[in-house]
Amino acid sequence: MSVLPEIVAEMPEWLAPIVRAVADVRAEELSAFLPPEHGGRRGAVLILFGYGAAGPDLLIIQRTAHLRSHPGQPAFPGGALEDVDSGPVDAALREAAEETGLDPGGVQVFATLPDLWLPPSNFVVTPVLAWWHTPSPVWAREPYEVASVHRVSIRDLADPANRVRVQHPSGYVGPGFTVAGLTVWGFTGSLVDRLLWLAGWERPWQPGSVVRVAL
């Protein structure tokens, strides 16, 4: 895990809880699915914190329904590392720009999280955390892969009324959120759930409602 201290001093105070929370976070605190010793495709996602009309928010895309991997799911922008990338940070920013039209010049990366594993696609993913200090227009720039792009407020994500449990066809049940017309679940929902908890932004909620998803 890496936090860039020279950047932290320039960030808004409302982000301080997440900066403190990830400074020494372990992979086991973020996911039950840890990378295998060998194998797995390398990937990265951009967890982009902005401040919009509804206050602090996160950038979320919805993948198109015809994709072979994670079809129709809301997700953080991101994808596989390519030869042009120097590492996960480059990959996360490049993929976000390609998928949403995001201007990387308005983004300040401040941390990377431990690598996590996505068993269905065998991706070993590095989450990259960043502050969107100068927001740019975003849209579904790659319509073959991205159906829509959303800035989802953290206030809505933390609202107990929007918290659900989501059941995968395999039977696995994990945390989810019904926000902005989306059901955020899977890898993305689990990461949002953990980050809200680590930062102290989570509000008490009763995990009674179960949403079943079909693939």
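Two strands pair if DSSP finds at least two bridges between them. Keep that rule at hand for the exercises below, and remember that this is a predicted model.

**Exercise 1. Which strands pair with E3, and in which sense do they run?**

Step 1. Begin with strand E9 (residues 146-153): seven bridges join E3 to E9, and the two run antiparallel. To find your place in this pairing, look for arginine 63, whose bridge partner in E9 is valine 146.

Step 2. Turn to strand E2 (residues 41-52), which pairs with E3 in the antiparallel sense over four bridges. Here glycine 50 stands opposite aspartate 57 in E3. E2 and E3 form a hairpin, with two residues between them.

Step 3. Finish with strand E4 (residues 74-75). Isoleucine 61 stands opposite alanine 75 in E4.

**Exercise 2. Why is strand E3 described as largely enclosed by the rest of the structure?**

Step 1. Recall the cut-off: a buried residue has under 20% relative accessible area.

Step 2. Apply it along E3, residues 55-63. Seven of the nine residues are buried, so the strand is largely enclosed by the rest of the structure.

**Exercise 3. Where does phenylalanine 49 sit, and what does its ring pair with?**

Step 1. Check burial. The relative accessibility of phenylalanine 49 is 2%, so this residue counts as buried.

Step 2. The largest nonpolar core has 40 residues, and phenylalanine 49 is listed with Ile18, Phe110 and Leu129 as having the most contacts inside it. Helix H5 (residues 186-199) supplies the largest share of this core, seven residues. There is also a second, separate core of 18 residues, which includes Ala44, Leu48, Leu59 and Trp132.

Step 3. Look at the neighbours. Leaving aside residues within four places in sequence, phenylalanine 49 is in contact with several others, among them Trp14, Leu15, Asp57, Leu58 and Ile154.

Step 4. Now take the rings. The structure holds five aromatic pairs. In one of them, the ring centres of phenylalanine 49 and phenylalanine 110 are 6.5 Å apart and the planes meet at 40°, so the pair is tilted. This pair links distant parts of the chain, as phenylalanine 49 is in strand E2 and phenylalanine 110 is in strand E6 (residues 107-112), 61 residues apart. Both of these phenylalanines are buried.

Step 5. Compare tryptophan 201. Its pair with phenylalanine 49 is edge-to-face, at 6.4 Å centre to centre and 70° between the planes. Tryptophan 201 lies in the loop between H5 and strand E13 (210-212), while phenylalanine 49 lies in E2, so this pair ties together parts that are 152 residues apart in sequence.

Step 6. For one more aromatic group, find the cluster formed by Trp14, Tyr51 and Trp131.

**Exercise 4. What is the phi of asparagine 122 and of alanine 180, and where do these residues lie?**

Step 1. Asparagine 122 is not a glycine, yet has a positive phi of about 55°. Look for it in the loop between strand E7 (116-118) and strand E8 (123-132). With 32% relative accessibility, asparagine 122 counts as partly exposed.

Step 2. Alanine 180, likewise not a glycine, has a positive phi of about 50°. This residue is found in the loop between strand E11 (173-179) and strand E12 (182-184). Alanine 180 is partly exposed too, with a relative accessible area of 48%.

Key. Residues numbered from 1 in each chain as written. Predicted model: local features only at pLDDT ≥ 70, side-chain atom pairs only at ≥ 80, totals over all residues. Heavy atoms only, no water. Buried < 20%, exposed > 50% of the residue type's maximum accessible area, 1.4 Å probe, protein only. Core = buried A, V, L, I, M, F, W, Y, C linked by side-chain atoms within 4.5 Å. Contact = heavy atoms within 4.5 Å. Phe/Tyr/Trp six-rings, centres within 6.5 Å; stacked < 30°, edge-to-face > 60°.
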